[in-house]
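Keep the structure open beside you as you read.

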Amino acid sequence: MATIVPQARRAIQVLPVPGSAGSNHQYRHGRRLVAMTDLQIRPGVAGGTTAVPAVRPGLLLTLVLCGQFMAVLDVSIVNVAVPTIRTDLGASGAALQLVIAGYTIAYAVLLITGARLGARYGYSRLFQFGLAAFTAASLACGLAPTTGWLIAFRLLQGAGSALMVPQVMSLLQRTFTGAARTRALGLYSAVLAGGMALGQVLGGVLVSADLFGSGWRPVFLVNVPIGVLLLAAGARLLPRLPGDASRGFDIPGLVVLGAALGLLVVPLVLGHELGWPAWGWAMIAGGVLLFGLFVAVERRIARNGGQPLIPGRVLSAPGLRPAAAGLFAIMAAFAGFMFSFALHQQAALGHTALKAGLCSAPVAIGFGLSSMHWHRLPGRLHGTLPMLAGVFLGGGYLLLGLLLGDGAEIGAGPLAEMAVLGLIAGCAYAPLFARALAGVAPEDAADASGVMVTVIQLGQVVGVAVLGSVFLGQVDLPAPAAESGHALRTTLLVNAVAVLAAAGFAARSRRAAR
């Protein structure tokens, strides 16, 4: 997280919100130029207005991305604590699955709802509310006396993330514009990748340290001081972006979409652990039917002059739908690889959780670096970059399968190739993400952010479920390294197919954006 601050201070500038009325005032505060926009002007006591200066953009960006980082971190940080939780709380296998999956389920199902609440009540207010809920739930998880309480608190923790995370994208959309927005989205992508990789490393460090004999509990308690610090900073730094009280809730849409996401996510998260039972397939089929019903409900609300949960103009933004499909495929491949590679290391190569996390770090570091700096490439490449990167990424996954397929210990060659693979993945993901949101109107920022974050989260869930099943379907872990390596090679072949499909979607997105 420390690397975010200087980058943000150098690169990001606060600019007027596109489409806002009135003038943009500026004044000097010490040696720093501070911008004030009309969205940061509030009524005075005598009917006038009192200007509220914008915060320094580096601090604002660091604040919201730290909240995002914690939310991503908690998807994976608990994985390495499972054996200790089993011993300490006497948890069953099914209960442990819910401890891990409960967070993801609540997080994915409630993201769209969190975005709509932010639009109605204010992005900054909902960010603070979600952060407070996440921090309190983290404390409760760390103090949980039984497995049942831990599962319940994990669900609450996921709900807090779902309220907080969509506001991050909305704040970036409404606060930054032009090149500044592109760089902010690059940092957002870097945090996304870094949190996925660092979670396992940090979890291994905390569990191994066994601070004061606390065992697994620090993997949750580490969020508490950070959350309290961010809450205090947010009270002073977050911009005063008013909510739109006229935005409706679309209760029918919320209920149908929430049920559809729940029916889809629960079996995808738990299916590979439970052997894909019949009820899981029935839930997936029910989820697909409810998605169809959701489309019908939204169209009916729009025809009747209401406010649908996802306005049609959001999904009609130039290039958004094919870009979202490409991002879904990229994140499914990335998350599926990280999951399968971790299993291969720990159950076949005998790596500790800490060593497994460190061996996974090069691909995540490469992803983060290229996400931040892809815009420095020659401008003539920007339009075709996601497509070209997707093609090279497919070749990279195939090459990695050849390097790891014999089950040999991971040496300098595979680690270097994974670093390059991460660089290419960031060049596919970050510009495609920026393209997906480029045509969205500012007033639709919350709805678009909810859609995109949900797509990315579902991509990760589907990637772990599908590619994890491809891997585990070929090998019974623990297994000899050669058998596991062969299964990993086949899994990377499927990864290559997914990212080549993403390259096709990227090409369609470019044509649509034109």
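Arg154 counts as buried because its relative accessibility is 0%. This is a predicted model, and in it Arg154 has a partner: Asp74 forms a salt bridge with Arg154, with 3.8 Å between the closest N and O atoms. Asp74 lies in helix α2 (residues 57–76) and Arg154 in helix α6, so the pair ties together parts that are 80 residues apart in sequence. Is Asp74 buried or exposed? Asp74 counts as buried, because its relative accessibility is 0%.

Side chains of opposite charge can pair when their charged atoms come close. How many salt bridges does a search of the whole structure find? The search finds three, and the table sets them out.

| Salt bridge | Closest N and O atoms |
|---|---|
| Asp74 and Arg154 | 3.8 Å |
| Asp88 and Arg217 | 3.7 Å |
| Lys355 and Glu409 | 3.9 Å |

Now look at the salt bridge between Asp88 and Arg217. Asp88 lies in helix α3 and Arg217 in the loop between α7 (178–209) and α8 (218–221), so this pair ties together parts that are 129 residues apart in sequence. Asp88 is partly exposed, with 44% relative accessibility.

Next comes the salt bridge between Lys355 and Glu409. Lys355 sits in helix α14, while Glu409 sits in the loop between α16 (385–404) and α17 (412–438), so the parts they tie together are 54 residues apart in sequence. Lys355 is partly exposed at 39% relative accessible area, and Glu409 is partly exposed at 45%.

Helix α14 (residues 353–373) also holds Leu354. Together with Val205 and Leu358, Leu354 forms a nonpolar patch on the surface, with about 230 Å² of accessible area. Why does Leu354 count as partly exposed? Because its relative accessibility is 31%, which falls between the 20% limit for buried and the 50% limit for exposed.

Let's turn to the aromatic rings. A search of the whole structure finds 10 aromatic pairs. One of them is Trp149 and Phe153, which are stacked, with 5.5 Å from centre to centre and 25° between the planes. Both residues lie in helix α6 (residues 147–175), four residues apart, about one turn of the helix. Trp149 is partly exposed at 49% relative accessible area, whereas Phe153 is buried at 17%. The pair of Trp276 and Trp281 is tilted, because the ring centres are 5.4 Å apart and the planes meet at 35°. Ring pairs also link Tyr188, Phe334, Phe367, Tyr429 and Phe433 into a cluster.

Ala91 counts as buried, with 8% relative accessibility. Ala91 and Thr147 are 56 residues apart in sequence, yet their C-alpha atoms are 6.1 Å apart in space. Leaving aside neighbours within four places in sequence, the contacts of Ala91 are Ile85, Arg86, Leu96 and Thr147.

Finally, step back to the whole chain. Its secondary structure comes to 19 helices and four strands. Of its 514 residues, 57% count as buried. Among contacts between residues at least 6 apart in sequence, 80% join residues at least 24 apart. The accessible surface comes to about 20300 Å², and 67% of it belongs to carbon and sulfur atoms.

How values were computed: Residues are numbered from 1 along each chain as its sequence is written. This is a predicted model: local features need pLDDT of at least 70, side-chain atom pairs count only at pLDDT 80 or more; totals for chains, interfaces and linings use all residues. Side-chain values use heavy atoms; hydrogens and water are left out. Patches are made of residues with over 30% relative accessible area and no salt bridge: like charges are joined within 9 Å, nonpolar side chains (Val, Leu, Ile, Met, Phe, Trp, Tyr) within 5 Å. Accessible areas come from the Shrake-Rupley method with a 1.4 Å probe; for residues, only the protein chains shown count as cover. A salt bridge is a side-chain nitrogen of Lys or Arg within 4 Å of a carboxyl oxygen of Asp or Glu. Helices (H or I, at least four residues) and strands (E, at least two) are DSSP runs, numbered from the N terminus. Buried means under 20% relative accessible area, exposed over 50%, partly exposed in between (1.4 Å probe, protein chains only). Rings of Phe, Tyr and Trp (its six-membered ring) pair if their centres lie within 6.5 Å; planes under 30 degrees apart count as stacked, over 60 as edge-to-face and the rest as tilted. Contact means heavy atoms within 4.5 Å.
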